[in-house]
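Thanks for coming, everyone. Please have a look at the sequence and the model on the screen, and then we will walk through them.

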Amino acid sequence: MESQFRTDLITWLSDDPGLDALINRIEEESPLEGQPPTLSIASSASADWSSKSGMGREVRVALELVDRGDQAATITRAIELIELRIAALSPDQNGYRIVVTQFIRSRAERRPRSLRAVLLEYRFRLLKNTTE
C-alpha cells in the first residue's frame, strides 16, 4: 500500500495548476536534474495499522521542497499550496481508503549555494478496500 500511496500522492500534487506554476519538478524521488524549485519525497516509512476487519498501514511521508535564492515568498506560497492540496486529497483511492491525514511537523534550513529547503512531514493511515 505504501508504494501505491506514494505514487498517488505525487500524482495528486503534480496535477495542481498552482503548484505546477511555482515548482519546476515534482517527483517521487529527489530529482537528479532540474533547477529548483523542486518537490519530492525525501523519505517514507510504514507500519502495520491493521484491525480485525482488514489490512491497514500507517504511512509517514516527508516531502522536501527545495528552492534557490534569498526571497522566501515563492517557497512560502508553495508550502501553502502543498498543505491545501494534501488537505483536499480524496479519502477514496484505488485499492485503499485514507482514514487519517495529519500534519506532523516542518523544518526549514539554508544550504550552500543559496539553496533553501523545507521538509514537511505527514502521517496517513490507510485501510485496504475489503471488496478487492
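With 132 residues, a compact globule would have a radius of gyration near 14 Å; this protein has 15 Å, so the two agree. That radius is taken over C-alpha atoms, and the globule rule is 2.2 Å times the number of residues to the power 0.38. The C-alpha atoms fill a box of roughly 50 × 25 × 25 Å along the principal axes.

A word on the source. This is a predicted model: local features need pLDDT of at least 70, side-chain atom pairs count only at pLDDT 80 or more, and totals for chains, interfaces and linings use all residues. Residues are numbered from 1 along each chain as its sequence is written, and side-chain values use heavy atoms, leaving out hydrogens and water.

Now the elements. The protein has 3 helices and 5 strands. From the N terminus, the order is α-α-β-β-β-α-β-β. Helices (H or I, at least four residues) and strands (E, at least two) are DSSP runs, numbered from the N terminus.

How do H1 and H3 cross? Helix H1 covers residues 2–14, and helix H3 covers residues 73–87. Their axes come within 10 Å and cross at roughly 120 degrees. That makes H1 oblique to H3. Axes are lines fitted to C-alpha atoms, for helices over the stretch in contact, with angles from 0 to 180 degrees between N-to-C directions. Under 35 degrees is roughly parallel, over 145 roughly antiparallel, 65 to 115 roughly perpendicular, and the rest oblique.

Which residues meet there? Leu 9, Trp 12 and Leu 13 in H1 meet Ile 82, Arg 85 and Ile 86 in H3. Contact means heavy atoms within 4.5 Å. These residues divide into 5 nonpolar, no polar and 1 charged. Nonpolar means Ala, Val, Leu, Ile, Met, Phe, Trp, Tyr, Cys and Pro; charged means Asp, Glu, Lys and Arg; the others, Gly among them, are polar.

Next, burial. Of the 132 residues, 39% count as buried. Buried means under 20% relative accessible area, exposed over 50%, partly exposed in between (1.4 Å probe, protein chains only).

Take two residues. Is Glu 64 buried or exposed? Glu 64 sits in strand E3, residues 56–68. Its relative accessible area is 14%, so Glu 64 is buried. Beyond four places away in sequence, Glu 64 touches residues including Ser 30, Arg 111 and Leu 119.

Pro 17 lies in helix H2, residues 17–22. Pro 17 has 62% relative accessibility, so Pro 17 counts as exposed.
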